[in-house]
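Visitor: I am new to this structure. Please show me how to read a few of its features.

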Amino acid sequence: MDTLITLTDMGLYCPQGDFYIDPWSSVPRAVVTHAHADHLAWGCQNYLVSKQGEHVFRARLGWQASLQLLPYGQTVGLNGVQVSLHPAGHILGSAQIRVEYQGEVWVITGDYKTEPDTTCMPFELVRCHTFVTESTFGLPIYRWQPQRETFDEINQWWRINQREKKASILFGYALGKAQRLLAGVDSSIGEIFTHGAVERINASYRESEVLLPPTEYVSRAAERKPDWSQSLIVAPPSARGTSWLRRFGDHSTAFASGWMAIRGARRRRAVDRGFVLSDHVDWDNLLRVINETGAERVWVTHGYTAVVVRWLIDHGIDAHIVPTRFEGERDDSADNQENDEEN
Amino acid sequence: MWKHLSEKRRKTYAFDPKVEPMRRFAELYAELDNTTKTNAKVDALARYFAEANAADSAWALYFLSGRRVKQLINARKLHTWALEATGIDEWLFGECYDAVGDIAETISLLLPRATRQSDLSLTGWVETRLMPIRTLDESAQRLIMLGAWEELDGTERFVWNKLITGGFRVGVSQLLITRALAQASGVDKETVAHRLMGAWQPTADYWAQLIALETSSSDVSRPYPFFLAYPTERAALDALGEAGDWQAEWKWDGIRAQLIRREGQSYLWSRGEELITERFPEIIEMSAALADGTVIDGEILPWKDGLVMPFAQLQRRIGRKTLSKKILSDVPVIFLSYDVLEWGGHDIREQPLSERRVILTHIMAVTNNPVLGLSPLVEGASWDELAAQRERGRERNVEGLMLKRKTSPYRVGRQRGDWWKWKVNPLTIDAVLIYAQRGSGKRASLYTDYTFGVWNETGELVSFAKAYSGLTDDEIRQVDSYIRRNTLEKFGPVRTVKAELVFELAFEGIQRSTRHKSGIAVRFPRILRWRTDKVIQDADTLETIRALLPPE
C-alpha cells in the first residue's frame with residue numbers, strides 16, 4: 001500500500017517520517033497512543049508520547065526509557081511529517097495521533113471514549129482524510145448509559161453492602177478504569193482501600209494532578225484493622241477468586257466493564273454484580289465520530305472490525321479492516337475479557 | 001443442620017403487600033441472576049414475597065419454579081418485529097445475536113430506551129397482555145409487543161421477552177424457593193414443599209393457602225415431594241457403618257413417579273411434577289385395586305417377559321400423543337414400587353423405611369397384579385459383597401445400586417445422609433472434537449457444545465456423541481480459543497474444527513441409532529477429561545464401540 005501510513009508486520013508505519021504507531025515489538029522510533037500493554041511495546045529506542053501521560057508511561061517503562069513528551073495540540077516535525085497528539089479520553093495521557101504530510105491528514109485513535117470524565121482530558125474530534133479507529137465495542141448492542149447512572153448503581157450497591165455488613169470489592173483494570181471508578185464514586189459513603197497494583201497507578205495519576213479521593217493500600221491499612229464491611233476496595237480483576245480476598249470477611253464482588261452489558265459475560269465472571277462502565281467508544285458514538293471527522297477512508301482495527309467495515313461500506317464509506325497483532329476473533333472470546341489491561 | 005440454619009436465618013417480615021410494578025419482579029430476577037450465593041438468593045426471594053401482593057407473589061412463584069406459559073409468540077414473528085422496532089439490518093441483528101447468544105436479550109439490548117414507564121403490576125402484564133395474546137390476530141399481537149417494548153426498560157424487557165417466548169429460566173432450585181417461602185411466611189419448610197407440589201393455579205387464593213399457618217388443603221391429586229439420593233462410591237461406604245443397617249436395591253433406569261389413589265381417583269406424577277396419568281393406561285387400570293388414601297413411590301419401567309427393556313424403548317412411548325395398540329403391546333410397562341408414603345389416608349413418611357417396606361409388601365400381596373411390581377432387595381452381608389453385586393449391574397440393565405438406611409424417614413428433596421446412589425462405573429472411550437457450537441446462558445458466546453467423532457472402517461472420523469459438561473472454566477477457555485483459531489468451515493452456528501483435540505468421554509449406555517452418522521447413540525455422554533497426552537490416532541474406533549452394544 002503506497003500510503004502515508006502502511007501496515008507492516010510490526011504494526012502501523014509511516015515510511016516518510018520513519019516512525020511506527022503503537023508498534024507490536026521494539027522499533028527505533030515509536031509514537032504511542034497510550035500506556036496499555038497491547039499498545040505499548042517494550043524496548044523501543046525512542047517513544048513519542050503525550051506530556052499529560054508522562055507519569056503513567058514512566059510507571060510502565062521505567063526511568064531508562066527515552067521519552068519524548070509532546071503536549072496535546074503541539075506539533076513536531078519528523079522528517080517533514082507533522083505529528084501532533086490530541087486527547088482520546090480513554091485513560092490519562094491517551095492520545096489520538098494526527099499525522100500530516102503535504103496536506104494529507106491521518107488520525108489514528110488508539111482506544112478512545114467520547115463521554116468526558118475527570119481523570120483525563122476529554123476526547124477531541126479531529127478532522128482528517130483517513131481515520132484509523134478502534135472498534136472494541138463495535139456492535140449496536142453496546143450503547144452506554146450515562147456514567148452518572150452507573151455510578152448511582154455502584155453507590156447504591158456499596159450502601160446496601162454496608163447495611164448488610166459486607167465489604168464492597170470492586171474489580172476494574174488497574175490502569176485507567178480503577179482511577180475512573182475512584183473519581184466517580186461517592187467517597188462520602190465510606191473509606192476506600194486499594195490493591196497494590198491500583199495504588200501504584202494512583203500515585204502516577206496524583207503526580208499528574210488528577211483529583212482522586214483519599215485511598216489507602218490494603219496491606220498497609222491492615223495493621224490498624226479497619227472495618228472492611230463499611231469500605232470500598234478497588235482491585236484489578238486478577239485478584240478475583242484469590243486468597244487475597246479472604247481478609248475482608250463477608251463481602252460482595254462487582255466488576256466494572258463494558259462487557260458487563262451482556263448477561264453471559266456477567267455470569268461467566270461469577271461476581272455478584274456487573275456494572276456497565278467502559279473506557280471505549282460505544283456503537284452510536286463510533287458512527288457519529290466517524291461521520292464528524294469527515295474522513296473519506298476509514299481503517300478499522302481492534303475489535304468488531306468486520307461488522308463495522310460492512311456497516312460503513314453499506315453506507316457508502318470506503319472502509320478496510322486493519323488486523324491487530326493478535327490473531328483470530330479475540331473480540332468476545334474469554335481470553336480477551338480475562339485480560340487485565342485491554343479494556 | 002437445616003433446622004439450626006433456618007432458625008438462625010429466619011427473619012421477621014412485616015407483610016406489607018402492595019401492588020408493585022413489573023419492575024420489582026425484574027429486579028428480583030436480576031438479583032437472582034447476578035449472584036451465585038444461595039443465601040443471597042433466598043433473602044432476595046423472601047424480600048419479594050414479603051413485599052408483593054398475593055397475586056403477584058403467586059405469578060412470581062409460578063415462573064420462578066420453572067412453570068411456564070406455552071410459547072405465545074414464535075421466534076420468526078419476534079425477529080420480524082424486532083427488526084422493525086430497532087430499525088437495524090438483518091445481517092447486523094445476526095452479528096449481535098451471535099455475540100449475545102440469546103434472542104430475548106439481543107432484542108432488549110438493541111431496542112432504544114423506553115419512552116414511557118409502566119406501573120402495571122406483574123399480574124397486570126401477565127393477565128391483561130401476555131395471556132390474551134394467544135387469541136389475537138397477528139396485527140394485534142404486534143401492537144402489544146411493540147407497546148411493551150416502548151414501556152419496559154432493561155431487565156423488564158428481557159424478562160418480558162423470556163416470558164412471551166416461554167423461555168423464562170432463572171437459577172433458583174425448588175429447594176431455595178421453599179426455603180425463601182418458609183423464611184417469609186413462617187410455615188415450616190416441609191409443609192411448604194408439599195403445598196408446592198402438583199398442579200396449582202397462580203392465584204391469590206392459592207397463595208393465601210400456601211402461606212397459611214394452618215393446613216386446609218384438600219387437593220386430592222397433590223403428590224409428596226420426592227426424596228432424592230446423592231451419589232456415593234466404594235471408598236465412602238465404610239463411613240456409613242454396617243452394610244446390614246442398609247437396604248440395597250437396584251437403581252432402575254425408567255421414569256421415577258408417584259402413584260396416587262385417593263377418593264376413587266388415580267394420579268400418576270413424574271419427578272418433574274408432570275401429571276402423566278394418561279400416558280400409562282395399564283398402570284391406571286391396575287391402580288383401581290389400590291385402597292383409597294394410598295401413595296406409592298416407584299419407577300415406570302418398560303418390561304417384557306419378566307425383564308426390563310432398555311430406556312430407549314420407553315422413550316418411544318413418551319413422545320406420543322396417542323398410544324396405539326401396537327405400541328402398548330410392543331412396550332408394556334410396569335410400576336415398580338420403591339416406597340409407600342401414604343397409607344389409609346395417613347402421611348407415613350416419618351415412619352422408618354423398614355416399617356414402610358412391610359406395608360409396601362402387604363400392598364403388593366393384596367393387589368396381586370403383575371403391573372404393580374416390588375423393587376427387589378439386593379442381598380449382601382458386607383459392602384464388598386454388595387460391590388460384587390453392583391459389578392453385575394450392567395448385565396441386568398440397571399444403573400447401579402441404591403442404598404437406603406433402614407431407619408430413614410422419607411425426606412424432602414435431595415439430601416445427604418440416608419439415601420445414596422452408587423452407580424455402575426461408566427463406559428469410557430477416547431474421541432476427537434470435530435464440531436463446536438456456542439453455549440447458552442452463562443456460556444453464551446463461548447464455544448462449549450461439542451460433537452465428537454471416532455474412526456470408522458475407512459479411516460474417517462464420524463460423529464457419535466454430543467457433550468459439553470465436565471471441563472473446568474480454564475479448559476473451556478482454552479478449547480474455545482483453539483476452536484476460534486482452527487475453524488475449517490461454518491454452517492450456521494456450527495463450526496467444523498480441525499481434528500486435533502482428544503477427550504475421554506463417559507456414558508451410561510449405548511444403543512443403535514439412525515440419528516448419528518455412526519449408527520449408535522449413547523446415554524448421558526459427558527467429558528471426563530481432556531486427553532492432552534493423546535493424538536487423534538489414539539482415539540477409539542467405531543468397531544470397539546460397537547462391541548459394547550447389547551445383542552440385537
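Visitor: Is A:E209 buried or exposed?
Guide: A residue is buried if 20 or more other C-beta atoms lie within 10 Å of its own, exposed if 12 or fewer, and partly exposed in between, with C-beta atoms placed from the backbone. A:E209 has 8 other C-beta atoms within 10 Å, so A:E209 is exposed. This is a predicted model, in which local features need pLDDT of at least 70 and side-chain atom pairs count only at pLDDT 80 or more, while totals for chains, interfaces and linings use all residues. Residues are numbered from 1 along each chain as its sequence is written, and chains are lettered from A and ligands numbered from 1 in the order in which they are written.

Visitor: Where is A:E209 found?
Guide: Helices (H or I, at least four residues) and strands (E, at least two) are DSSP runs, numbered from the N terminus. In chain A, the loop between α4 (196–207) and β14 (216–217) holds A:E209. Its phi is positive, near 65°, and A:E209 is a residue other than glycine.

Visitor: Which value does phi take at B:D305?
Guide: B:D305 is not a glycine, yet its phi is positive, about 50°. In chain B, B:D305 sits in the loop between β6 (294–304) and β7 (307–308). B:D305 counts as exposed because it has 6 C-beta neighbours inside 10 Å.

Visitor: What is B:L488 in contact with, leaving aside its neighbours within four places in sequence?
Guide: Two residues are in contact if their C-beta atoms, placed from the backbone, lie within 7 Å. On that basis B:L488 contacts B:T496, B:V497 and B:K498, its neighbours within four places in sequence left aside. The C-alpha atoms of B:L488 and B:K498 are separated by 6.2 Å, and the two residues are 10 apart along the chain. B:L488 belongs to strand β17 (residues 487–491) of chain B.

Visitor: Which residues touch the most other members of the largest nonpolar core?
Guide: A nonpolar core is a set of buried Ala, Val, Leu, Ile, Met, Phe, Trp, Tyr and Cys residues joined through C-beta atoms within 7 Å. The largest one has 195 residues, and A:V234 and B:A60 touch the most other members. Helix α4 (residues 54–64) of chain B gives the most to this core, seven residues. A second, separate core has 32 residues, including B:L446 and B:I545.

Visitor: What does A:V234 touch?
Guide: Not counting residues up to four places away in sequence, A:V234 touches several residues, among them A:L170, A:A178, A:I192 and A:V198.
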